Each structure stands twice: as C-alpha cells, then as structure tokens.
Amino acid sequence: GGAGEVGGEGEMSGDKGTKPFVAAIAEMVAQSSDSVEALITEVKCYKLAQNRSFDECLAGVAAALLAMSAPDEGATDKMAKVQVHKRINGHVVRLTPLIKTLLQNQANQECLIRNLELQALESAPAISSVIELAFILKPLNDEPLELLSDEAIIAWAESRRAAVGGAAGAPENRLFESAQLAAYLEWLEEEEESGSEESESDGE
C-alpha cells in the first residue's frame, strides 16, 4: 500500500501509516546487531520523524520478537514449544533496554501484551501452534527483567475477559483461553489481593 494520507481517525485503527511503520520497526529490530544502544537511537529517531506513538513502536517489537523465534525445521511439537519460548525470552533479554525505553507507563505495558497476543495469533503456524502466553508473560513480569507489572497483566486480562464475552471458543481467543494462562493469571490476582490487603491496613 502507498503511504496514503494519514487520517486523524484515532491512534491505531483508521491510520494508514501504522502498518508500514510497525513493519519498519519490526525489521529494524529483527536486523539489529548486538548493539542495542544503536537500535534505541534508530527507533527513537524514526518514531520522531514519523510522529508515531510508543505503542506503535511496541507493536513492531512484538512482531519482531515472534518473527525471530521460529523453531528449527523438523522439530517435534514438544521441542518446538521449548525452542520458541526460549528464543523469545532470549531476544527479550537482549532487547530489554529498548523495551524499557518504550514502556513509559502501564498503558504501554498493556499494549505490549495485547500486541504479543495478536502477533502470536498471526505468526507462522510453526510458531502460532506452540505459543503459550503464560511462558512469555511470566519472564517479562519476573525478576530480573520486571518489564511488565502485575497490575498491567491483570488489567489486560480483565479487558480481554470483557472482550471475549459470549465469544468463548472463538479462534482469536484460543491463546487467551489456555488453561496455563488462566492458572498464571489466577496466581497473579491472588498475589495482588494478598498484597493489597496488607497495604489497606495502613490506610489509603
């Protein structure tokens, strides 16, 4: 598609420039060398030049993370599952300084999670069929990375539950409806509740 006129119809949806920008960021990330500093500068300059949002940059990062993490050809499903998640986590570790730069607030964190899910659904079957969101979100939330807060993951989950509504079992919900993810979210929510009960006793 051409770089048609950019309509002012809201952040992500009606904007023709979003897709090519996200694709360009994904390519930058996928082709980056070991110098993350250089990549950060490149992404920041491009974001500025194109007048784009942090969320759109994060969509590109999510696309690259999945595209770079395909399993070896001929790997069994079990091996493929291990390889894909190991590779995603490896890229996340390497790109942590970039991701931190782009995650300005909780809304950005929720956007990253949303894009990881969307990109996972749209990935090549070899990746898409073995993805388990819990295995991606947990390392992003745990030490030492701590890129995603408990609050961001829980807020994303709540908005996803509302969106699923009566469409349970639909293909676009299959990653969200995984038993593994449900167990992880339940654990996070319990952690949050026990944490907030302690702080409530100290007043507001």
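**Aromatic pairs and helix packing**

At 24% relative accessibility, Y46 counts as partly exposed (buried is under 20% relative accessible area, exposed over 50%, partly exposed in between, with a 1.4 Å probe and protein chains only). The model is predicted: local features need pLDDT of at least 70, side-chain atom pairs count only at pLDDT 80 or more, and totals for chains, interfaces and linings use all residues. Residues are numbered from 1 along each chain as its sequence is written, and side-chain values use heavy atoms, leaving out hydrogens and water.

**Aromatic pairs**
- The whole structure holds 3 aromatic pairs (rings of Phe, Tyr and Trp, for Trp the six-membered ring, with centres within 6.5 Å; planes under 30 degrees apart are stacked, over 60 edge-to-face, the rest tilted).
- F21 and Y46 are stacked, because their ring centres lie 5.2 Å apart with planes at 5°.
- This pair joins F21 in helix 1 (residues 18-30) to Y46 in helix 2 (residues 36-50), 25 residues apart.
- F21 is buried, at 2% relative accessibility.
- W156 and F176 are edge-to-face, with ring centres 5.3 Å apart and planes at 90°.
- W156 is buried at 1% relative accessibility, and F176 is buried at 9%.

**Charges over rings**
- K47 lies over the face of F54, 4.3 Å from the ring centre (NZ of Lys or CZ of Arg within 6 Å of the ring centre and within 35 degrees of the ring normal).
- The charged end of R160 sits over the ring of F176, 4.8 Å from its centre.

**Helix contact**
- Residues of helix 3 (54-67), including F54, meet residues of helix 4 (77-102), including I88 (contact means heavy atoms within 4.5 Å).

Note on methods: Axes fitted to C-alpha atoms, helices over the stretch in contact; angles between N-to-C directions. Helix = DSSP H or I, 4+ residues; strand = E, 2+ residues; numbered from the N terminus.
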